[in-house]
Amino acid sequence: MNLVSLITFTAFIIYIYLALFGLHLDPRSRLNRIFFCLCLACALWAFCIAFMFSAADKNTAWFWFRLSTPGWCLGPALVLHFTLALTGRDQTGNPKLSIYLIYLPGLIFTVLGLTVGVTASHVVPLNFGWSPVNAGNMTRYWAYAAYYLACIVCSMALVWKWGQDSVSRRQQKQARIVVYSTFLGTLLAFINETLLPGLGYNATPKIPVVLWLIWAYGMWIAISRYRLMIFTPAIAANAIIGSITDMMALLDLNGKILKINRAVEEVLGYKEDELVKQPITRICSAWDAGSGSAHDLVNGYVSYYQEESEWVTCSGIAIPVKISASAVKDNYNDLVCLVLVAQDLRPTKELEWEIGERRRAQQALQETVLQIQDYSARLQEQNRKLEFQNAELEAMTASLAEANRSLEQKNNQLENLFNNVGQGFLCFSRDLSIHPESSRECLGIFRQNPAGKRLSSLFYPEDQEQKEFLDTLLGKIIREPDPVRLGLYLSLLPDEISLQERCISIEYRVVEDSGGDNGRNILVILTDISEKRLLEARMQEEKDMFSMVVKAIIYRDDLVECIEDFRHFCTREFKEILFNPHGFDEILAELLRSLHTFKGNFSQFDAASIVGELHRLESVLLEARGLGKGFDRKYLLHSLGQSRLIPCLEHDLQVIVNFLGPDFFAGKDTFTISKDRLLNLEQTMQNVLPAAEYQMLLPLLRSLRYRPFKELLKSYPEYVQKMAHRLGKQVHPFTIQGDDLLVDSDYYHQFARSLVHVFRNCVDHGLEHPEARALQDKDEIGSIHCSMREEDGRILISIGDDGQGIDFARLRQRAAETGIYSPAEAAACTEERLLELIFCKEFSTQVEVSLISGRGVGLSAVKAELEKIGGQVRVSSYPEMGTEFVFDLPITNSSGVFPP
């Protein structure tokens, strides 16, 4: 090694010694460990540079220079970290994040230095050995210079402020020594490393690591003479806390907590991390650094004082304490910290309170003894009166016992009466739990003892929503003082329910309990009406059967035509639809529309068997479509083949034949002219007769082939009345109004049959129940109208109601749920576009499917039949006013529409 290498290697040894010396002072101190790492970084720097100077060749020298990179790249970050720890600024916020940000530039420069170089791009041989050549023209050189300067300047500024803010003269001297030595070492290193080479003095050895020994010497003076890193407030805290058993807090000179003992954590409920670096006012609002007592301690006017105050727990509870405060000074008589010892006065206060209470109790006891003596004299007089009264009570007791025996006998008679009347009686009050007293019939109805249970759990054991609704309603009935509302709530209670495959009638009686604490009771009377309902069902079945026969007589032609259409559908049209080239979804939609329309048509004639089978087949197809797998044309053909459509139709027809005889459908007393013959006759007349005679006879001839459009709709008024009765609604009788328009019935037949869905929707969806209409100040009996007229060579048919109108909010919700529109599109959609949705395939606002509606097929079937004949539809709807459908149909008659 040459002289420069030996000097540099000596600096390496000094740095190693200083690192071990600092760590030996307090191995557990974070500050000492950071100082140890800083000295090791400088030692690595000096070690590598020493071997660079004496390297045998250029590559070896360049290797040792790059190997020194971690030392001088991480050194500035370590200096800044040491400064933050020394001044206590590394404890706020998220310290780990701050540390990562400090070391990140150093790590980046370390990687660059180990690979391509940062401050130098190569080394050159000089008379003292190899020397790195500054890369002043490279961006990374000046980036490192800015990083190095920022860390050093920030460190000096923080240490200087730390010393200026302290009232300790020793700490001020420590700060000045550290700042001066850091500044001088940095300045000399800058002159040697950057300034001299910039002035042309390249032959000077670059030994900034040796010049930084000035900083090391300053740290040595600060440690050895002014006890830097040896006696700090934290060290004093650990020494003091170990000997204190009461609550103790160690404060710095600014009134911030440095340390607390375990007693503070146990009594106040805080963790040590929650209070360290916090002002003492957090636990003692009456004591801070600016208070008179604290000011006297800090300035040395007093060294110790006591006072009573309150400390506050983490939950906000004030605890009375006796505070003993004192100042801690070092060997130089400099104030280090303040010590607060708080004795919990609660046991003392409690003892004083207990003594006071005992004294008050003793005084009260003496007063009580005097009162007892007075009462004793009075009681003796009262005892004599009571002896006389007891004699009278014994006589009354005997009389009451006899009355109780008589009352018990009557109760037994009433119990026997209730148990043998064939009805269930039970009662409950405010808590809705059934009283233990109930008739024997309740056991048979519920198959269990109802005592202690709620009526809702007996009526709806599996339906949580119904249970909650019934409990809420019964609670309102018990608490409702208004008789009108009480009657309304009672009307909402179920009056009939099915239990254990039996039909139970329910009656409710509100009983005011004037003598008890329960207030109002509800008496429930249960009657088994299963046999009555069975008899009614049989009577209804016979009634429907007679209704079907009567309608067959009245609407024989329509029924025959409907039967023929249905047979044609089952034998031919079904297969034609099934095997046409359209897509499978379109085929399924057309089949469902046909089935739904036939179901509506047959329901007009009360043909129960075929209507039920059509509904069942609809459900089977829709459920199979939901499963997806194996659902194809073959499945549809198999489903129709397995259905009982024709047998059910034959069953209904056989009922009619049984009543009306086998010749009802044979066509007796009628004659038939085929349509082809009528058309041929019309053509012959046009060719042979004069125009005037032809125009005179043509309407009469066409009257044989054409039928009034009203006749195609004549069955709907009665059908509407029947459906309204089934749904518990009321509708004014109506007729088909308007012009008597003769049309080709074959052309309009399917469309006219599909209108059954419009009338059904008017009754089911449009009209409200009488109670709801009454609340809206409407006539309890709803109105449905149907009229037609000719206008500009077209037929206009209007069907409407005065019901609740279409719920556009519900349409928007269903459009979003079914994916037709996104929620945003549905919200922005106009009412005209929303009304178009009601004709979409399988679109319905109904949640549950019933025999009448809910599948979303009806109006789509109407739209399909309307499009077949080239028609259009307009829909208008207004809330609480009703909905109107206007169908615009073309006229197929070659010479217009003729009156009959």
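Biologist: What does the accessible surface of the protein come to?

Modeller: About 48600 Å², with 56% of that belonging to carbon and sulfur atoms. The area comes from the Shrake-Rupley method with a 1.4 Å probe, and for residues only the protein chains shown count as cover. Bear in mind that this is a predicted model, where local features need pLDDT of at least 70, side-chain atom pairs count only at pLDDT 80 or more, and totals for chains, interfaces and linings use all residues. Residues are numbered from 1 along each chain as its sequence is written, and side-chain values use heavy atoms, leaving out hydrogens and water.

Biologist: Why is Ser594 called buried?

Modeller: Buried means under 20% relative accessible area, exposed means over 50%, and partly exposed is in between (1.4 Å probe, protein chains only). Ser594 has 13% relative accessibility, so it counts as buried. Ser594 sits in helix 21, residues 584-603; a helix here is a DSSP run of H or I with at least four residues, a strand is a run of E with at least two, and both are numbered from the N terminus. Leaving aside residues up to four places away in sequence, Ser594 touches Phe569 and Ile577, where contact means heavy atoms within 4.5 Å.

Biologist: How many disulfides does the structure hold?

Modeller: It has 0; a disulfide would need a pair of cysteine sulfur atoms within 2.5 Å. As for individual cysteines, Cys73 is at 0% relative accessibility, so it counts as buried, and Cys829 at 3% counts as buried too.

Biologist: What makes Phe109 and Tyr144 an edge-to-face pair?

Modeller: Rings of Phe, Tyr and Trp (its six-membered ring) pair if their centres lie within 6.5 Å; planes under 30 degrees apart count as stacked, over 60 as edge-to-face and the rest as tilted. For Phe109 and Tyr144 the centres are 5.6 Å apart and the planes at 85°, so the pair is edge-to-face. Phe109 lies in helix 5 (residues 95-115) and Tyr144 in helix 6 (residues 139-165), so the pair ties together parts 35 residues apart in sequence. Both Phe109 and Tyr144 are buried.

Biologist: And Phe734 with Phe759: why is that pair called stacked?

Modeller: Their ring centres are 6.4 Å apart and the planes sit at 15°, so the pair is stacked. Phe734 is in the loop between helix 28 (716-726) and strand 13 (736-738), while Phe759 is in helix 30 (residues 756-766), 25 residues apart. Phe734 counts as buried because its relative accessibility is 13%, and Phe759 does because its value is 0%.
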